[in-house]
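User: I have a structure open and would like to go through parts of it with you. Could we start with the helices and then move to other topics?

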Amino acid sequence: MRIPNKKQINKLTPEVMHKPIIQFLLSFMGLFYNQFRRCPHCNSNDCKKHNIIEKIFCKLIVNGNFIDVKVHIQVYYCKKCKRTYYAKSPFYEGIMYCKPIINLCLYFSAKNPYHRVENRLLEMGIQIDRDTVRNYAIKFERKMRKFAGMKCFDNEIGINLLKAMFDVDNVKELKEKHPNELYDGVADETYPRIKGEKKRFDEENKIRKMNKEDPIKYPKSFTLAVSYLSVLKMYASLIMNKVSFNQMFANILLFPLLGADFINTDGHGAYNITDKFAEHFRCLFHRLKNLGKKDKELKKMHKEKKPLEEIKDYLSKKYRDLLEDALKDLKYKFQRYFDSEGNFLGAITTNSIEGGNWRIKFELRTAYSVQESITARTLLICLNDSIFTFRKGVPIESFAHKYSNFTFEKIMGR
């Protein structure tokens with residue numbers, strides 16, 4: 001095991017950031033955990049005391065030195081399956097440090113790359129290195145796949161966030177618990193680039209330009225696909241891989257939206273199966289964009305080099321006509337989505353999910369080369385974005401915060 005580098009808490013860090021936390025964690029020094037629990041392997045109650053071990057609760061940084069906070073744990077022996085296990089204690093199975101530290105690492109990883117989490121913990125006087133934080137996040141992602149993974153040919157392709165948060169497989173089951181809510185789904189995909197590929201992309205295109213070859217359009221990227229419940233402002237599922245988005249992935253991605261009132265997409269060909277999950281509604285912006293490619297009047301305006309303002313006015317009128325027709329249809333089918341002032345509350349465009357994609361990439365902040373690393377962080381970002389109590393500058397409690405039973409321990413303790 002590599003010895004961690006010596007660290008000092010920055011002089012600019014306020015004492016309130018680290019002193020209370022250090023004192024709190026030091027209070028665990030020497031505690032003895034011996035509360036009996038059934039055997040976690042076979043659930044037997046026929047167990048006896050075996051021995052007592054010393055375990056590191058956490059490592060603290062005090063005056064530039066590392067201090068190990070150690071506790072003692074009773075080990076029990078199961079007479080039925082002949083295996084040993086710990087008494088009830090604040091540790092996850094197979095992880096060295098205590099639950100509060102692991103949960104803190106996961107919480108910070110939703111807002112910071114792994115190296116920044118190490119720095120944030122340093123400010124609090126807690127020693128955890130970047131690779132350890134990354135390993136905890138990956139372990140969380142693997143456990144999440146076992147609990148809420150979505151399979152294709154026995155392979156875990158995506159993660160069902162509704163199952164993680166509400167213990168339901170899809171919107172249809174969630175509706176049974178909360179029938180008075182609005183359930184409009186949105187789905188889209190985005191492509192965070194793979195680390196180092198932007199440089200290779202630029203170099204490759206320079207060579208192609210010299211050889212008078214067609215340039216490559218995009219650098220190699222991960223494919224990130226997410227589904228989202230627009231009115232409830234929470235993610236429903238995600239898929240992350242290096243394969244281009246296709247109908248098989250769309251089929252898996254949309255499964256948690258089964259039972260939604262309608263699903264809004266950008267019209268990608270992979271979403272042609274959307275109707276089997278819910279009524280399919282195509283984004284008005286993308287509809288206008290595709291209509292514009294075939295619009296003879298618009299082509300004529302471009303050919304005659306009409307002023308930009310005139311072209312904008314023409315497109316605005318086209319969009320208003322599309323919007324008016326769409327609202328008439330929606331009002332007939334989904335009356336309860338209209339408020340007392342006649343405003344439609346659901347997703348007419350894919351703006352909500354595209355904003356969600358932007359938030360994910362903003363929180364990722366850096367490029368990744370390992371799929372597990374970026375998937376773990378994306379998963380934590382989606383959960384954090386769904387379960388909130390503050391947004392748009394004011395306190396707002398999200399639907400997921402009110403009603404979900406999600407905690408880090410729910411997944412890590414499995």
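User: What span should helix H7 have, at 1.5 Å a residue?

Analyst: This is a predicted model. Helix H7 covers residues 197-210, and at 1.5 Å a residue its 14 residues should span 20 Å. The C-alpha atoms at its ends are 20 Å apart, which agrees with that expectation.

User: Which residues of H7 are buried?

Analyst: Glu-197, Phe-201 and Asn-205 are buried in H7. Viewed down the helix axis, the buried residues of H7 fall within an arc of 70 degrees, so they line one face of the helix.

User: And which residues are exposed on the other side of H7?

Analyst: Lys-199, Lys-206 and Met-210 are exposed there. Just after H7, Lys-212 adopts a positive phi of about 60 degrees.

User: Moving to the strands: how many residues of E8 are buried?

Analyst: Seven of the seven residues in strand E8, which runs over residues 223-229, are buried, so the strand is largely enclosed by the rest of the structure.

User: Which way do the side chains of E8 point?

Analyst: In a regular strand, side chains alternate between the two faces of the sheet. In E8, Thr-223, Ala-225, Ser-227 and Leu-229 point one way, while Leu-224, Val-226 and Tyr-228 point the other way. All of these residues are buried.

User: What does E8 pair with, and in what sense?

Analyst: E8 pairs with strand E7 (residues 184-190) in the antiparallel sense over six bridges. E8 also pairs with strand E9 (residues 234-241), again in the antiparallel sense, over seven bridges. Leu-224 of E8 stands opposite Thr-190, and the bridge partner of Leu-224 in E9 is Met-240.

User: New topic. How many disulfides are there?

Analyst: The structure holds zero disulfides. Cys-105 is in no disulfide either, the nearest cysteine sulfur being that of Cys-98, 9.5 Å away.

User: Cys-42 and Cys-105: buried or exposed?

Analyst: Cys-42 counts as partly exposed, because its relative accessibility is 25%. Cys-105 is buried, with a relative accessible area of 1%.

User: On to charges. How many salt bridges does the count come to?

Analyst: The count comes to 28 salt bridges. Side chains of opposite charge can pair when their charged atoms come close. One of the salt bridges is formed by Lys-111 with Glu-363, where the closest N and O atoms are 3.3 Å apart. That pair links distant parts of the chain: Lys-111 sits in the loop between H2 and H3, Glu-363 is in helix H12 (residues 351-364), and the two are 252 residues apart.

User: Lys-111 and Glu-363: buried or exposed?

Analyst: Lys-111 is partly exposed, with a relative accessible area of 38%. Glu-363 counts as buried, at 12% relative accessibility. Lys-111, Glu-363 and Arg-365 are linked in a network of salt bridges.

User: What about Arg-142?

Analyst: Arg-142 forms a salt bridge with Glu-372, and their closest N and O atoms are 2.8 Å apart. Arg-142 lies in helix H4 (residues 130-148) and Glu-372 in helix H13 (residues 371-386), so the pair ties together parts that are 230 residues apart in sequence. Arg-142 is partly exposed at a relative accessible area of 47%, and Glu-372 is partly exposed at 29%.

User: Which residue does Arg-359 form a salt bridge with?

Analyst: Its partner is Asp-385, with the closest N and O atoms 2.8 Å apart. Because Arg-359 lies in helix H12 and Asp-385 in helix H13, the pair ties together parts that are 26 residues apart in sequence. Asp-385 is buried, with a relative accessible area of 11%, whereas Arg-359 is partly exposed at 25%.

User: Last one: where is Asn-112, and what is it in contact with?

Analyst: Asn-112 is found in the loop between helix H2 (99-109) and helix H3 (114-123). Asn-112 counts as buried, at 7% relative accessibility. Leaving aside neighbours within four places in sequence, Asn-112 is in contact with Val-117, Arg-120 and Arg-377.

How values were computed:
Residues numbered from 1 in each chain as written. Predicted model: local features only at pLDDT ≥ 70, side-chain atom pairs only at ≥ 80, totals over all residues. Heavy atoms only, no water. Helix = DSSP H or I, 4+ residues; strand = E, 2+ residues; numbered from the N terminus. Buried < 20%, exposed > 50% of the residue type's maximum accessible area, 1.4 Å probe, protein only. Contact = heavy atoms within 4.5 Å. Disulfide = S-S within 2.5 Å. Expected span 1.5 Å × (residues − 1). Arc of directions from axis to C-beta. Pairing = 2+ DSSP bridges. Salt bridge = Lys/Arg side-chain N within 4 Å of Asp/Glu carboxyl O.
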